[in-house]
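Here are some notes on the fold, for reading next to the coordinates. They begin with one backbone detail and then move on to the sheet and the helices.

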Amino acid sequence: MRLRSRLLLWVLFLLVLPVTALWLWVAQPAFASNGRSSASADPEALKRHVVALSQTFHPRSYYDTNNLARCSAYIEARFREAGLAVTNQAYEAFNTSCRNVIAVIPGREQRRVVVGAHYDAVLGTPGADDNASGVAGLLELARLLRGLAPERTVELVAFCTEEPPCFGTEHMGSVHHARLLTEGRVPVDAMLALEMIGTFSDAPGSQSYPVPLLRLFYPSRGSFVGVVGDTRHRWLTRAVKRAMSGATALPVCSIAAPDAVPGVDLSDHRSYWEAGFPAVMITDTAFFRNPRYHQCDDTADRLDFTRMSCVVVGVYEAVRALAGNGG
């Protein structure tokens, strides 16, 4: 009987050990977190930006060049209102003139921390969550970063072309920006892509995952924000999660996985991975939570601007940690 008990314990140990190791490697449980942030993002400002992008400038697909130009002008104006220096990176995408809008918070070093979000949308969709929410977060982040004196230079970049037909090609705005940094031999310490940050749900089963096994490690409710990274730069995923966790009441989950896992590389951070730069995506997990992904009902009234403001505060703390707190 004693031998049988010992064998059972060994079997349990051998089963639990690999699952625990996988949990530690992939999910990166937060054994340390930040203190509550003193910063505050404005939900109403976030809503105004999303409404402007998803309604006033709708449609804004790759084919809607006039509205994309209005979007870039709006973003540039908001960056300047935040007191930031702004430049535009012009480029051609399938023989169409496009531009990335770049705001800079100069640091004492030329090393870069980049935060970006794409402002185009899928053809025919308002794109409130995808990705007016990310751009709104970028604009509110610009306001929070005003007056920061970081060690490393911070760039906030609004990309013009991320959605089809540009996605996965050299015509992505983020590809052009990553190439600009590479050609300028600018050292990049971290890149954070804001990709859909406005959809949350407390309903059981509202969160799905690309691999069923992940249900063992993550919540069934879509009430958290995700930090998504690759296995090469696990340290960055862990650092961003640690800085965001505890900064607000919003739970933060992370994953460090091969880019072959469905959804892991579906945003602008992939362009920086391809350039050899460390990058992560900050996201509400897109179609794994939001049933309106790439649909006509992806509208502003469906978003949770209060929890979205928590995401922005978390990103602000992550930028401060990565760039050097400054004064």
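In which helix is Asn-131 found? Asn-131 is found in helix 4. The points below apply to a predicted model.

1. Cis bond inside a helix. The peptide bond that leads from Asp-130 to Asn-131 is cis, and its omega is near 5°. Asn-131 belongs to helix 4, which covers residues 128-145. When checking the backbone, please look at this bond.

2. Pro-59 is placed in the loop between helix 2 and helix 3.

3. Eight strands form an open sheet in the order 1-2-4-3-5-8-6-7, and the pairing is mixed. Strand 1 (85-93) and strand 7 (252-256) are at the edges with a single partner strand each, so one side of each has no neighbour in the sheet. From one strand to the next, the twist averages 20°.

4. Strand 1 and strand 2. These two strands pair antiparallel over nine bridges. Ala-93 is opposite Thr-96 in strand 2.

5. Strand 4 and its partners. Strand 2 (residues 96-105) runs antiparallel to strand 4 and is joined to it by five bridges; Ala-103 has Leu-156 of strand 4 as its bridge partner. With strand 3 (residues 109-118), strand 4 pairs in the parallel sense over eight bridges, and here Ala-117 is opposite Ala-158 in strand 4.

6. Burial of strand 4. Strand 4 spans residues 152-159, and seven of its eight residues are buried, so the strand is largely enclosed by the rest of the structure.

7. Together with helix 4, strand 3 and strand 4 make a β-α-β unit, which is right-handed. The cis bond of point 1 ends at Asn-131, a residue of this helix.

8. Helix 2 against helix 4. Packed helices are described by the angle and the distance between their axes. The axes of helix 2 (residues 43-56) and helix 4 come within 8 Å and cross at roughly 135°. Angles over 145 degrees would count as roughly antiparallel; the two helices are therefore oblique to each other. The crossing is right-handed.

9. Contacts between these helices. On the helix 2 side, the residues in contact include Ala-45, Leu-46, His-49, Val-50 and Leu-53. They meet a group in helix 4, among them Ala-128, Ala-132, Val-135, Ala-136, Gly-137 and Leu-139.

10. Helices across the sheet. Helix 3 (residues 65-81) lies across strand 1, strand 2 and strand 4, and runs at about 10° to strand 2. Helix 6 (residues 234-244) lies across strand 5, strand 6, strand 7 and strand 8, and runs at about 180° to strand 7.

11. Positive phi at Met-196. Met-196 is not a glycine, yet its phi is positive, at about 60°. This residue lies in the loop between strand 5 and strand 6. Its relative accessibility is 0%, so Met-196 counts as buried.

12. Positive phi at Ala-286. Ala-286, also a residue other than glycine, has a positive phi near 55°. Ala-286 sits in the loop between strand 8 and helix 8 (305-323). At 11% relative accessibility it is under the 20% limit and therefore counts as buried.

Methods: Residues are numbered from 1 along each chain as its sequence is written. This is a predicted model: local features need pLDDT of at least 70, side-chain atom pairs count only at pLDDT 80 or more; totals for chains, interfaces and linings use all residues. Side-chain values use heavy atoms; hydrogens and water are left out. Buried means under 20% relative accessible area, exposed over 50%, partly exposed in between (1.4 Å probe, protein chains only). Helices (H or I, at least four residues) and strands (E, at least two) are DSSP runs, numbered from the N terminus. Two strands pair if DSSP finds at least two bridges between them. A crossover is right-handed if, with the strands pointing away from the viewer, the path from the first strand over the helix to the second runs clockwise. Axes are lines fitted to C-alpha atoms, for helices over the stretch in contact, and angles run from 0 to 180 degrees between N-to-C directions. Angles under 35 degrees count as roughly parallel, over 145 as roughly antiparallel, 65 to 115 as roughly perpendicular and the rest as oblique. A crossing is left-handed if the near helix is turned anticlockwise from the far one by less than a right angle, and right-handed if clockwise. Contact means heavy atoms within 4.5 Å.
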